[in-house]
Amino acid sequence: MQSISPRLSRLLELLLKKDAPQSAGELAEELGVSRRTLFRELKNADAAVESCGMMLVSIPGKGLEIRGDEAARIGFADALRAERPALSENRQERLLGLVIALFDDNDVHKLFYFAYTLGASEATVSKDLDELEPWLAERGITLCRRPGLGVCVTGSEDAIRGALLYRLVQDGRMGSLPYLKAIGYPPSYVTEAINEVFENSLGRALDWMTVDSRDMLRLYLAIAVER
């Protein structure tokens, strides 16, 4: 199965477990995201589902469901489990992943959303948020905790991009894991777009740049495209 985001993986797992079609509102509430974010993820769903011999079907007036025979459903469930992130053993990497998840969109997300995305417990995520809160405040970003609703960040786009860049440069190169592939950052479509820019637009200019300069340019472009 093609690589997919943790959020899309969670969405497909939910659909796979349901015995009846689910509306966008029901899915968004269970995932702890907005309908806008849900539909953004669904744009990448068909290819992942079809690669495992299944179909994602939209039924007017009812909602979405995944169809396929039992063997395909079992294989798809196994593939989704294999996609689950496992970052919780590496604190530095987990904190970087949490920063990326917080800056992903303007939605309010419940703790279980971050816990699933990072492969950590909700208690661990809560402690990580406590640690990140003063760091975010120093950069003009407010961590908002809304009882019963979830967590989000507010701040200027410049502040968020600057904080994300700083964190990626400081923490994003651990072993053989450039940036944060374990939770799909940057997404594959962003990487493909950057590669296209490098190949078709920059040309010989790349020969004049050091490896570090190229990597920083890729990082700047990733943040610009993703945000």
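Select Leu 111 and display its surroundings: leaving aside residues up to four places away in sequence, Leu 111 touches Glu 122, Val 125, Ser 126, Leu 129 and Val 151. The model on screen is a predicted one. Next, colour residues 111-118, which form helix α7, the element that holds Leu 111.

Is Leu 111 buried, partly exposed or exposed? Leu 111 counts as partly exposed because its relative accessibility is 25%, and the buried class requires a value under 20%.

Leu 149 lies 38 residues from Leu 111 in sequence, and the C-alpha to C-alpha distance is 9.4 Å.

From here, move to the nonpolar interior. In soluble globular proteins, nonpolar side chains tend to be buried together. Select Leu 12, Leu 38, Ile 66, Phe 76, Leu 102, Phe 103 and Leu 136: within the largest nonpolar core, a set of 58 residues, these touch the most other members. Then highlight helix α6, residues 91-102, which supplies the largest share of this core with 7 residues. Another core, of 5 residues, lies apart from it; select Val 190, Phe 198, Leu 206 and Ala 222, which are among its members.

Of the 227 residues, 44% count as buried. Among contacts with a separation of 6 or more, 65% join residues 24 or more positions apart. Switching to a surface view shows an accessible area of about 11800 Å², with 51% belonging to carbon and sulfur atoms.

Conventions. Residues are numbered from 1 along each chain as its sequence is written. This is a predicted model: local features need pLDDT of at least 70, side-chain atom pairs count only at pLDDT 80 or more; totals for chains, interfaces and linings use all residues. Side-chain values use heavy atoms; hydrogens and water are left out. Buried means under 20% relative accessible area, exposed over 50%, partly exposed in between (1.4 Å probe, protein chains only). Contact means heavy atoms within 4.5 Å. Accessible areas come from the Shrake-Rupley method with a 1.4 Å probe; for residues, only the protein chains shown count as cover. A nonpolar core is a set of buried Ala, Val, Leu, Ile, Met, Phe, Trp, Tyr and Cys residues joined through side-chain atoms within 4.5 Å. Helices (H or I, at least four residues) and strands (E, at least two) are DSSP runs, numbered from the N terminus.
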